[in-house]
Amino acid sequence: CYATEEFAMASIALPTTRKPMAEAQQILCPICHKPNLRRANFCQHCGQDIVLNNGGPSYYITRIIKEGGQGAVYETVGDDGKVYAVKEMLDRFTDPKERAEALERFDEEAQLLKRLSHPRIPRIYASFKDEERQYLAMDFVRGKDMEDIIRERGALPEAEVLTWADQLCDVRNYLHNHRPEPIIFRDMKPSNIMIEPDGGLKLIDFGIAKVFQRAQRGTQIGTPGYAPPE
């Protein structure tokens, strides 16, 4: 399932100001992922264009955050000197139908996020194609996903969990009452909840979220162990 890929946990928070592009230590090639000089326009290893979205706004990869079977998320710096998360759909499909469906889901996620505005949902800044690859540029979230936190800390204090639950209820209420049509997230699980250093959270990966249509029967989809039967 698209939603169970590891890159789905990837992150994404208000862009954080960092060193200007001129001070970046190195940038990575989008194709071979090898390091290059910060001023490079083409990879010194494979010769490919190293700049994402030449038509602007442009992004430069500084770190690979997550990479899975169908996608990857990178930490990047933009022309404005701010840090963004850029999500790539990795085209490793052999079946043309599967490729078309993945492209449609990726585009639907971009269009959906563009319509949303909530402090607990990463903002999208650009969706674009570069060298025949699909990308989304979003807020960069500093922190860990809840799955990693539970793995590291075990059982968590009740007060802390209730604070997170309150924030989750707020963002779910926003989605379910969204106008003109409600939105169903459909993949609520610890790895899709990012916890920031200040204790705030972000709900990430809207890859299988959809507009709720009352006249249609829903499709059973999600992650085994977390998707409710109904």
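Strands S3 (residues 59-67) and S4 (residues 71-78) form a hairpin with 3 residues between them, strands being DSSP runs of E of at least two residues and helices runs of H or I of at least four, numbered from the N terminus. The model is a predicted one, in which local features need pLDDT of at least 70 and side-chain atom pairs count only at pLDDT 80 or more, whereas totals for chains, interfaces and linings use all residues. Residues are numbered from 1 along each chain as its sequence is written, and side-chain values use heavy atoms, with hydrogens and water left out.

The pairing of S3 with S4 is antiparallel and runs over 7 bridges, two strands being taken as paired if DSSP finds at least two bridges between them. Within this pairing, Glu 67 has Ala 72 of S4 as its bridge partner. S4 also pairs with strand S5 (residues 83-89), again in the antiparallel sense and over 7 bridges, and Gly 71 stands opposite Met 89 in S5. The hairpin of S4 and S5 has 4 residues between the strands, and Gly 81 takes a positive phi near 85° there. Because 8 of the 8 residues of S4 are buried, this strand is largely enclosed by the rest of the structure; buried denotes under 20% relative accessible area, exposed over 50%, and partly exposed in between, with a 1.4 Å probe and protein chains only. Both faces of S4 are covered, with Gly 71, Val 73, Glu 75 and Val 77 buried on one side and Ala 72, Tyr 74, Thr 76 and Gly 78 buried on the other.

An open sheet of 3 strands has the order S8-S10-S11, with antiparallel pairing, and its edge strands, S8 (144-145) and S11, each pair on one side only. S10 and S11 are joined over 3 bridges in the antiparallel sense, with Ile 195 opposite Leu 201 in S11. Helix H3 packs on this sheet, touching S10 and S11, and its direction makes about 35° with that of S11; contact requires heavy atoms within 4.5 Å, and the angles, on a scale from 0 to 180 degrees, are taken between N-to-C directions of lines fitted to C-alpha atoms, for helices over the stretch in contact.

A search of the whole structure finds 5 aromatic pairs, defined by ring centres of Phe, Tyr and Trp (its six-membered ring) within 6.5 Å, with planes under 30 degrees apart counted as stacked, over 60 as edge-to-face and the rest as tilted. The rings of Phe 128 and Tyr 135 have centres 5.4 Å apart and planes at 20°, so this pair is stacked, and both residues are buried. Phe 185 and Phe 206, with ring centres 5.0 Å apart and planes at 80°, are therefore edge-to-face. Phe 185 lies in the loop between S9 (183-184) and S10 and Phe 206 in the loop between S11 and S12 (210-211), so the pair ties together parts that are 21 residues apart in sequence.
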